[in-house]
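Please read the following report alongside the sequence and the model.

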Protein chains: 2
Amino acid sequence: MERVAIIGLGLIGGSIGLAIKRSGVKDLHVVGNARTRETLQRAKKIGAIDEEARTAAEAVRDARLVIIAAPILATRPLFEEIAPALMPGAVVTDVGSTKGNVMRWAKELLPETVHFVGGHPMAGKETPGIDAADADLFREKTWVIVPSVTADQGAVKTVVGLAQLCGAAVSFMDAEEHDSYVAAISHLPLALSSALFSVVFGSAAWPELAHLASSGFRDTTRLASGSPEMAHDIMISNRDNVLHWIDRFQEELSRFRAAIAAGETEPVLEAFAKPQLERDNFMVNGAPRRNLGDPIEKISFSDMMLGSAISGMMRKQTEMLKAAEERAEKKR
Amino acid sequence: MERVAIIGLGLIGGSIGLAIKRSGVKDLHVVGNARTRETLQRAKKIGAIDEEARTAAEAVRDARLVIIAAPILATRPLFEEIAPALMPGAVVTDVGSTKGNVMRWAKELLPETVHFVGGHPMAGKETPGIDAADADLFREKTWVIVPSVTADQGAVKTVVGLAQLCGAAVSFMDAEEHDSYVAAISHLPLALSSALFSVVFGSAAWPELAHLASSGFRDTTRLASGSPEMAHDIMISNRDNVLHWIDRFQEELSRFRAAIAAGETEPVLEAFAKPQLERDNFMVNGAPRRNLGDPIEKISFSDMMLGSAISGMMRKQTEMLKAAEERAEKKR
């Protein structure tokens with residue numbers, strides 16, 4: 001029986017738990033920990049975990065795979081808490097929306113005997129929390145994987161296997177690339193969504209406006225309903241990239257404004273026609289093709305967790321640890 | 001057999017046609033006209049209209065109810081075109097996203113013997129055009145009605161009946177109120193959506209960004225896929241209100257930016273927590289209650305179109321017309 005630990009059982013952690021459990025991989029035991037007792041019990045009840053752990057440290061004990069699915073700024077103290085309890089050779093991953101800081105914290109705080117592989121499944125929902133968890137949340141979504149320099153192939157493969165088991169398509173990236181990209185595609189829309197709801201709600205005419213709100217307003221403000229704590233962590237930990245994109249957006253909106261203010265047909269029509277055309281193209285044909293080199297192989301999560309691959313890894317780790325201890329012994 | 005004319009058979013005109021036809025009101029004959037032959041044939045094929053008219057003037061001939069469902073700036077020339085062909089006592093309505101100009105054009109261009117009642121169903125979809133038409137498009141949506149000062153009760157009731165037949169909830173407003181409200185709740189989100197897609201698409205990293213796009217980006221940019229012509233007409237014809245709301249939004253976004261730039265927890269958390277709380281409240285409990293006076297009665301579209309109400313109206317109009325002609329005769 002191999003143990004998987006999930007720390008944090010919100011929408012993402014809960015959905016990963018449900019996806020693992022649904023996959024029917026045998027001899028896996030999923031242990032969970034969450035900030036509140038209610039969430040933990042709920043996760044157990046809906047079948048996202050097999051066992052409730054009272055602390056994060058308790059959850060990770062003897063776990064071959066540890067998934068941190070907490071708000072970004074909670075990840076650092078969690079690393080500190082679990083570090084002494086992690087078993088040598090354990091694979092640790094996360095799902096945070098920014099990667100630069102997480103990679104630094106992992107390097108700084110996690111023992112060298114474990115393998116950290118950063119992750120970020122690009123999936124979400126209007127409603128946060130365990131009750132919104134869904135085994136299909138990641139289906140056909142991109143799951144970004146950011147291996148640390150010290151993570152070995154087996155560890156990377158384990159996380160790739162996890163992403164694939166959840167139905168996601170893996171994309172490798174370095175942390176800086178990731179953070180600059182998500183600022184544009186994910187964090188900027190979040191800031192706009194919240195600012196839009198905020199300014200319209202702030203109007204004295206809100207009661208009338210609300211009655212006129214249709215699906216357009218609901219869709220553009222959907223992200224405003226996400227967890228404020230998550231938004232805070234994102235904005236703080238990816239601050240410079242977010243500010244850069246807010247500035248670019250303000251410039252673009254000013255360009256639209258100038259065209260409207262001038263009141264001439266061509267510039268206004270052009271401002272709206274180009275995004276319409278390109279968005280429709282994107283919706284129909286998907287993202288442009290990239291030359292990514294070799295396609296990412298299909299990896300069996302079950303093999304990685306239970307098979308020879310990980311056994312080999314573990315053996316190597318245990319040997320390294322033993323050697324290190326012997327060296328330490330000799331120095332005394 | 002009473003005739004209803006629909007001029008313009010895009011998403012809105014087509015959906016109204018489908019809703020009327022589905023309602024099974026007897027002895028109604030729906031005549032349509034559209035800019036292209038393809039649209040017109042398609043509308044006939046999907047059952048949104050009974051008969052194709054080659055011109056707008058031909059469509060409105062002998063029609064008791066005329067629905068203009070064209071882009072706003074096409075409405076003025078359409079009024080000019082149909083004015084001589086409208087029968088006395090006809091009820092004319094529209095579905096344009098701005099009302100101030102439409103009401104002025106109606107007063108200026110339509111004969112005094114017809115009743116203009118402005119309308120704006122607050123409903124939309126990602127995809128424009130007749131192929132996206134849907135009899136349920138207006139279900140539980142708000143349909144704003146802006147009666148002209150000269151429209152009689154029967155005419156207003158006819159349009160209320162049409163809106164209710166489509167499943168919408170009627171809200172009465174004057175044109176200025178309407179235009180200032182929709183600038184906030186509908187036109188601003190449209191401008192933001194298009195500017196967001198535009199700035200992200202304009203990035204050199206677009207191929208990578210596109211692969212990371214998830215439902216959040218898709219939802220916030222959904223409105224960018226609307227018809228550019230419609231967007232143009234909205235922005236031009238509601239310019240001052242739109243500019244006002246773009247300015248308010250830019251200020252609000254700058255407030256978010258300043259909080260993020262300062263990097264302190266409280267202001268950032270607060271910026272995101274308030275819209276989250278209030279949006280969730282809005283999504284769960286709906287718009288705040290307003291004191292609107294008497295509720296709007298349920299009106300039978302069938303009665304209005306075929307029953308005694310409209311016959312009385314028609315008789316009165318015919319008498320008025322006759323009297324006017326007699327006065328004119330005497331003056332010669």
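The report covers the chain contacts, then the domains, then a set of strands.

This is a predicted model, in which local features need pLDDT of at least 70 and side-chain atom pairs count only at pLDDT 80 or more, while totals for chains, interfaces and linings use all residues. Residues are numbered from 1 along each chain as its sequence is written, and chains are lettered from A and ligands numbered from 1 in the order in which they are written.

**Contact between the chains**

In this model, 81 residues of chain A are in contact with 81 residues of chain B; contact means that the C-beta atoms, placed from the backbone, lie within 7 Å. Several helices of chain A each supply at least two residues of the side that touches chain B, among them helix H7 (175-201), helix H11 (239-262) and helix H12 (265-285). Helices (H or I, at least four residues) and strands (E, at least two) are DSSP runs, numbered from the N terminus. The most is given by H7(A), with 18 residues.

**Domains of chain A**

Chain A is divided into domain 1 (2-173 + 300-331) and domain 2 (178-285), with bounds that come from an automatic or database domain assignment. Their C-alpha centres lie 33 Å apart. Between them, 16 residues of domain 1 of chain A are in contact with 15 residues of domain 2 of chain A. On the domain 1 side, helix H4 (72-82), helix H5 (100-109) and strand E7 (142-147) of chain A each supply at least two residues.

The table gives both contact sides by residue class.

**Strand E2 and its partners**

Strand E2 (residues 28-33) of chain A has 5 of its 6 residues buried, that is, with 20 or more other C-beta atoms within 10 Å of their own, C-beta atoms being placed from the backbone. Strand E1 (residues 2-7) of chain A pairs with E2(A) in the parallel sense over 6 bridges; pairing requires that DSSP finds at least two bridges. A:Val4 has A:Val30 as its bridge partner in E2(A). From E1(A) the chain crosses through helix H1 (residues 11-23) of chain A to E2(A) in a right-handed β-α-β crossover. Right-handed means that, with the strands pointing away from the viewer, the path from the first strand over the helix to the second runs clockwise.

E2(A) also pairs in the parallel sense with strand E3 (residues 51-52) of chain A, over 2 bridges. Here A:Val31 stands opposite A:Glu51 in E3(A). The crossover from E2(A) through helix H2 (residues 37-45) of chain A to E3(A) is right-handed.

Notes
Two residues are in contact if their C-beta atoms, placed from the backbone, lie within 7 Å. A residue is buried if 20 or more other C-beta atoms lie within 10 Å of its own, exposed if 12 or fewer, and partly exposed in between; C-beta atoms are placed from the backbone.
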